[in-house]
Amino acid sequence: MKKELKVPLIKDGTVIDHITAGNAVQVLHIIGIPKGSSSVVSVAMNVKSKLGKKDIVKVENRELDSKEVDKIALIAPKATINIIRDYEVAKKHKVQLPDEIVGIVKCENPTCVSNTNEPVESRFKVICRDPPRIKCCYCEREPEDIADRII
Amino acid sequence: MDFKGKDVISIKDFSKKEINYILNYSEEMVPYARGEKYKDILKGKVLSSLFFEPSTRTRLSFESAMNRLGGRVIGFSDPSGTSQKKGENLVDTIRMANSYSDIIVMRHPYEGAARLAAEYADVPVINAGDGAGQHPTQCLLDLFTIRSEKRWIKNKTIILVGDLKYGRTVHSLAYALALYGAELVFVSPPNLKMPNEVINECRELGVEPVQTASLEKAIKDADVLYVTRIQKERFPDPEEYNRVVGTYKIDNELLKNGKKNLIVMHPLPRVTEIHPDVDKTPHALYFKQAFNGVPVRMALLSLVMGEKL
């Protein structure tokens, strides 16, 4: 039987594959879609794969920056990023959280110094990559729901 | 072991080996802390004492420690007399203290304030309490007190009772006691339980803390009873405070159920949680514990400024 493509091929852009099933909407939010973007976006959710169900997001004419990739790693630690140029996969890599993430998650503690008007960016130490667990470098607290705290 | 220039922000920044070294050196400081011996190893050094929140013991014992070693202290105990009142931020205040002194000791209401200060200061920063966060020097003096009285910490049964949710001293202390392999019992009202992340840290260090609301039962096997005040200032809701204040009262009647050599500790100030009658018993260790703040802080000042006895 001929395999059917769930989402169409794209000429140039990014395919984010192996997103934890159900998290595609959060990924869209992270990469700022639909706000402020005119890219064509295709989304497939609960697609069957070897490792169970997954979501896929395809964004045309857009390559993600490293900050966006770090954010995706926080909610979809098994995701892969495929950069597509002229219908070919030009680059493919798994997302991987760095040891420390700066300026992408807001600390949930209202009395943490990172939430004041001091000249300070939020900074978290990554204590586990999958499932992601992070700890504020300032107040040493772990956010309960990381996705909720992404800036 | 070289501590010169090191910041003291959280007890977790120190290994067990380093903590042992500090405690041993604190032991050497005791006669100097009592004024029986004198050596001005910090002569010519200036300490900035920046207290953005009230303090009695921590501030005075740091000042005493610096003076006992021949150093001098500048600073404030109430930020209303400073440019903070005009809206100056913490970072700019730290930049000033950094240029006026050789070491900064600070207490601040925001968690992580000392860590931020250390990023901007070239001189060592010692955290004297950051909101409901860390209080590493209190933790060290608590360890010093338990070790002095009980000889070692491993396998001793230690109860932490009171406000385990907001109390900053108990979070650092639980971690440090687990590092030493103590048996931990957490006693608190249900809404003031020890946060899960502290319990998880204990587990990661191989200690499974017992959690209970009944102090009467727990006290029987205890070697140390560490009491904390229910801190009104940390409660977002005054109703929540009124419901729990006075839950645990330590008196001689209760202590009859404990071991003869049980020691009662408290970071102070106490309000009503320990009856004054307990002060006269051999169980009461809290005033000695408060004194121990001086030799421990002398040791830290000496070590981070690289001027040893």
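The structure is a predicted model, in which local features need pLDDT of at least 70 and side-chain atom pairs count only at pLDDT 80 or more, whereas totals for chains, interfaces and linings use all residues. Residues are numbered from 1 along each chain as its sequence is written, and chains are lettered from A and ligands numbered from 1 in the order in which they are written.

Chain A is assigned domain 1 (13-94) and domain 2 (100-149), the bounds coming from an automatic or database domain assignment. The centres of domain 1 of chain A and domain 2 of chain A, taken over C-alpha atoms, are separated by 24 Å. The contact between them draws 8 residues from domain 1 of chain A and 8 residues from domain 2 of chain A, two residues being in contact if their C-beta atoms, placed from the backbone, lie within 7 Å. On the side of domain 1 of chain A that touches domain 2 of chain A, helix α2 (residues 66-75) of chain A gives the most, with 5 residues; here helices (H or I, at least four residues) and strands (E, at least two) are DSSP runs, numbered from the N terminus. By class, that side of domain 1 of chain A has 3 nonpolar, 1 polar and 4 charged residues, where Ala, Val, Leu, Ile, Met, Phe, Trp, Tyr, Cys and Pro count as nonpolar, Asp, Glu, Lys and Arg as charged, and the others, Gly among them, as polar.

In chain A, 5 strands form an open sheet with antiparallel pairing in the order β2-β3-β1-β4-β5, strands being taken to pair if DSSP finds at least two bridges between them. At its edges stand β2 (41-49) and β5 (88-94) of chain A, each of which pairs on one side only. Neighbouring strands of this sheet are turned by 20° against each other on average, direction ignored; axes are lines fitted to C-alpha atoms, for helices over the stretch in contact, and angles run from 0 to 180 degrees between N-to-C directions. The antiparallel strands β2(A) and β3 (residues 52-60) of chain A are joined by 7 bridges, and A:Val47 has A:Lys54 in β3(A) as its bridge partner. Strand β5(A) is hardly covered, the count of buried residues among its 7 residues being 0; a residue is buried if 20 or more other C-beta atoms, placed from the backbone, lie within 10 Å of its own.

The sheet of chain B is also open, and its 4 strands follow the order β2-β1-β3-β4 with parallel pairing. Because β2 (72-76) and β4 (125-130) of chain B stand at the edges with a single partner strand each, one side of each is left without a neighbour in the sheet. The twist averages 15° from one strand to the next. Strand β1 (residues 46-51) of chain B pairs with strand β3 (residues 103-108) of chain B in the parallel sense over 5 bridges, and B:Leu47 stands opposite B:Ile103 in β3(B). Helix α2 (residues 57-68) of chain B lies across β1, β2, β3 and β4 of chain B and runs at about 175° to β1(B), while α4(B) lies across β3 and β4 of chain B, at about 160° to β4(B).

Chain B is divided into domain 1 (11-135 + 291-304) and domain 2 (136-290), whose centres over C-alpha atoms are 25 Å apart. Here 23 residues of domain 1 of chain B are in contact with 24 residues of domain 2 of chain B, and α11(B) gives the most to the domain 1 side, with 6 residues. The axes of helix α5 (residues 136-150) of chain B and helix α11 (residues 286-304) of chain B come within 8 Å and cross at roughly 115°.

Between the chains, 13 residues of chain B are in contact with 16 residues of chain A. On the side of chain B that touches chain A, α4(B) gives the most, with 3 residues.

Note on methods: A residue is buried if 20 or more other C-beta atoms lie within 10 Å of its own, exposed if 12 or fewer, and partly exposed in between; C-beta atoms are placed from the backbone.
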